[in-house]
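Hi,

Here is the structure we talked about. Please open it alongside this note; my findings follow below.

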Amino acid sequence: MSRRLALWLSLVLALAAPPAATAHADFQASEPAPGSAVAEPPATVRVALATEVEGEFLLLEVVGPSGRVVSGPARRDPDDAAAVLAPLRADGPGSYGVTWRVMSRDGHPDSGSFVFGVGGLPQASAPAAPGHGDADPLAVLARFLLITGPIALLGLAALRLWIVGPAWSQGGVRPPGADASAVRAAAAGPLELSAPRWWRVWWGACVATAVGLALIPGVTLSALGAGAGDLGGLLSGTRFGVAWTVQVLALLVAVAVALVWWRGSSADAPAPPPWTAALVAAPAVALAAVSWLGHASQGADPELGIAIDAVHSWASAVWLGGLVALSALLPTALSRMDDPARTRLAAGVVVRFSAAAVAAVAIVLVTGVYRALVELDTLADLLDTAYGRALGVKLALVALLLVGGAVNRFVVHPRLERAALGLADDDRGAGRALRASVGAELVLSAGVMVAVAALVSLAPPG
């Protein structure tokens with residue numbers, strides 16, 4: 001009980017960013033066992049892995065004492081989707097070298113090798129370290145883009161549609177009896193002039209997502225030892241292909257809706273039309289596809305795991321992606337406005353975003369702790385593994401992010417609201433503090449995303 005309690009306390013701040021733990025088909029056991037000796041060559045060689053593997057891109061190759069390949073075609077064990085079999089032809093006594101490579105059901109390539117002996121101990125007794133092909137820097141970059149792109153898109157759309165637009169429509173935060181139309185009139189022009197910056201960030205996030213989608217099949221095929229001719233099998237015969245296709249379609253929908261709106265006369269209007277909510281739905285679907293492919297789908301309760309994973313990602317997007325949107329749209333608009341409209345609009349946006357961020361952080365913490373407890377078992381997992389050390393970096397960054405968010409919520413937010421209500425003098429110092437805080441949080445958020453991309457490419461403990 002005390003060990004579990006310590007783990008809970010260690011993870012209260014854990015993973016306040018998109019979930020990174022994804023299953024890898026790590027070596028578990030084999031028949032014959034690595035380094036073992038058997039009297040006669042077995043009829044088959046079997047390798048058991050940590051998670052279910054795809055039926056495509058299987059490799060289980062055995063080289064006999066003569067130096068020739070003595071194994072037949074590899075296939076999944078019909079009784080165990082997490083094991084691979086290959087028939088073996090006898091090659092006399094001596095050392096047999098086994099090389100395996102698979103693609104786990106969450107899309108990660110994994111490989112390894114070991115030896116066993118027939119009629120005596122083999123020349124080497126330990127298996128080679130398994131290789132995770134998606135730990136390549138290009139693979140990490142691709143996954144970074146596939147995480148950050150949809151998060152930015154969802155946050156950009158949600159902030160503009162559901163926070164800035166309504167704050168402008170309601171005239172921001174204003175004293176009782178104050179005319180909302182005055183704030184709307186003063187803010188309409190500056191918001192329209194700042195909209196092109198929002199669009200540049202939006203299209204940049206689309207390009208980043210597209211680059212990630214273009215890179216990930218290639219790096220996956222390379223890690224599997226396959227070529228361009230195997231792209232069809234990757235996309236049509238694996239869960240990876242299904243998730244990739246959904247992400248591509250979601251991006252195309254987002255681009256199509258954005259183009260229709262962008263080319264229309266209302267593209268820079270402070271309050272977007274309701275149908276633009278599709279700009280939120282499309283990246284939300286893309287993030288759900290990432291959850292569907294990930295480790296949550298391989299657990300004891302995959303439906304619950306996937307749902308919690310997706311909610312975690314959506315909440316993270318509202319929080320972290322919203323910070324990107326806030327910095328893209330609001331500062332330029334406010335710099336073109338005079339008080340009191342500037343203070344009232346800023347307070348209206350901050351009050352709305354603060355409420356959304358508090359709810360998002362609560363969801364992120366609850367779902368993040370749940371997912372982490374599914375992945376980890378002991379505190380040693382956080383200290384003694386590459387995954388744990390990367391997680392420690394992420395935790396430190398998240399803790400700093402939460403401190404910055406607390407400063408905004410309990411210091412900057414009340415100062416802006418008091419000024420907007422006329423309860424204090426115009427507080428430009430609060431505005432400067434808000435800009436500095438958001439800028440710092442953006443830098444920390446980028447660090448969190450890098451840590452997440454690295455975690456995705458590392459095998460979780462156990």
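This is a predicted model: local features need pLDDT of at least 70, side-chain atom pairs count only at pLDDT 80 or more; totals for chains, interfaces and linings use all residues.

Phe144 is partly exposed: its relative accessible area is 21%. Phe144 sits in helix α2. Thr209 is 65 residues away from Phe144 in sequence. In space, the two are 9.2 Å apart, C-alpha to C-alpha.

Next, the helix pairs.

Helix α2 covers residues 137-169, and helix α3 covers residues 180-223. Their axes come within 8 Å and cross at roughly 160°. Angles over 145 degrees count as roughly antiparallel, so α2 is roughly antiparallel to α3. The crossing of α2 past α3 is left-handed. Sorted by class, the residues in this contact are 29 nonpolar, four polar and three charged.

The second pair is helix α6 (residues 278-293) and helix α7 (residues 302-335). Here the axes are 8 Å apart, and the packing angle is about 140°. That angle makes α6 oblique to α7. This crossing is right-handed.

Which residues make the contact between α6 and α7? From α6 come Ala284, Leu287, Ala288, Ser291 and Trp292. From α7 come Ile306, Asp309, Ala310, Ser313, Trp314 and Ala317. By class, that contact has eight nonpolar, two polar and one charged residues.

Best wishes

Technical notes: Residues are numbered from 1 along each chain as its sequence is written. Side-chain values use heavy atoms; hydrogens and water are left out. Axes are lines fitted to C-alpha atoms, for helices over the stretch in contact, and angles run from 0 to 180 degrees between N-to-C directions. Helices (H or I, at least four residues) and strands (E, at least two) are DSSP runs, numbered from the N terminus. Angles under 35 degrees count as roughly parallel, over 145 as roughly antiparallel, 65 to 115 as roughly perpendicular and the rest as oblique. A crossing is left-handed if the near helix is turned anticlockwise from the far one by less than a right angle, and right-handed if clockwise. Ala, Val, Leu, Ile, Met, Phe, Trp, Tyr, Cys and Pro count as nonpolar, Asp, Glu, Lys and Arg as charged, and the others, Gly among them, as polar. Buried means under 20% relative accessible area, exposed over 50%, partly exposed in between (1.4 Å probe, protein chains only). Contact means heavy atoms within 4.5 Å.
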